[in-house]
Amino acid sequence: MTNKVLMARYELGNNKTNTNKKTTMVFQGTVRKVSNDYKLAAFDSNRALSGVTP
């Protein structure tokens with residue numbers, strides 16, 4: 001079985017209060033190949049990740 005790590009970075013914003021405040025979010029997932037499919041094996045957000053600089 002081969003594991004692959006995927007990372008995504010995006011900005012989460014809130015303009016409801018007209019402050020236009022944005023927060024950078026990072027998600028990391030690990031997928032594992034099982035037969036002919038890839039299955040999500042782990043998923044973390046930047047709260048759970050350490051050492052990641054967005």
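Is Tyr10 buried, partly exposed or exposed? Tyr10 counts as partly exposed, because its relative accessibility is 35%, which falls between the limits of 20% for buried and 50% for exposed. Keep this residue in mind as you go through the views below, and remember that the model is predicted.

**View 1. The whole protein is built from three strands and zero helices.**
Start at the N terminus and follow the chain: the elements run β-β-β. The three strands form an open sheet in the order E1-E2-E3, with antiparallel pairing. E1 and E3 are the edge strands, as each of them pairs on one side only. Neighbouring strands of this sheet are turned by 25° against each other on average, direction ignored. Of the 54 residues in the protein, 11% are buried. The accessible surface comes to about 4,700 Å², and carbon and sulfur atoms account for 46% of that surface.

**View 2**
To find a bridge partner for yourself, pick out Gln28 and look across to E3, where Asp44 is its partner.

**View 3. The loop between strands E2 and E3 holds Ser35.**
Strand E2 covers residues 21-34 and strand E3 covers residues 37-45, and Ser35 is found in the loop between them. The phi angle of Ser35 is near 55°, a positive value in a residue other than glycine. Is Ser35 buried or exposed? Ser35 counts as exposed because its relative accessibility is 66%, and exposed means over 50%.

**View 4. Tyr10, Phe27 and Phe43 come together in one aromatic cluster.**
A pair of aromatic rings is described by the distance of the centres and the angle of the planes. The count comes to two aromatic pairs. In the pair of Tyr10 and Phe27, the ring centres are 5.6 Å apart and the planes are at 10°, so the pair is stacked; planes under 30 degrees apart count that way. Tyr10 lies in strand E1 (residues 3-14) and Phe27 in strand E2, so this pair ties together parts that are 17 residues apart in sequence. The other pair is Phe27 with Phe43: the ring centres are 5.4 Å apart and the planes are at 15°, so this pair is stacked too. Phe27 in strand E2 and Phe43 in strand E3 are 16 residues apart, and their pair links distant parts of the chain. What about the surface? Phe43 is exposed because its relative accessible area is 51%, with the limit for exposed set at over 50%.

**View 5. Thr30 has its place in strand E2.**
Is Thr30 buried or exposed? Thr30 counts as buried because its relative accessibility is 16%, and buried means under 20%. Which residues is Thr30 in contact with, leaving aside its neighbours within four places in sequence? Look for Asn3, Lys4 and Val5, and then for Lys39, Leu40, Ala41 and Ala42; Thr30 is in contact with each of these.

Notes
Residues are numbered from 1 along each chain as its sequence is written. This is a predicted model: local features need pLDDT of at least 70, side-chain atom pairs count only at pLDDT 80 or more; totals for chains, interfaces and linings use all residues. Side-chain values use heavy atoms; hydrogens and water are left out. Helices (H or I, at least four residues) and strands (E, at least two) are DSSP runs, numbered from the N terminus. Buried means under 20% relative accessible area, exposed over 50%, partly exposed in between (1.4 Å probe, protein chains only). Rings of Phe, Tyr and Trp (its six-membered ring) pair if their centres lie within 6.5 Å; planes under 30 degrees apart count as stacked, over 60 as edge-to-face and the rest as tilted. Accessible areas come from the Shrake-Rupley method with a 1.4 Å probe; for residues, only the protein chains shown count as cover. Two strands pair if DSSP finds at least two bridges between them. Axes are lines fitted to C-alpha atoms, for helices over the stretch in contact, and angles run from 0 to 180 degrees between N-to-C directions. Contact means heavy atoms within 4.5 Å.
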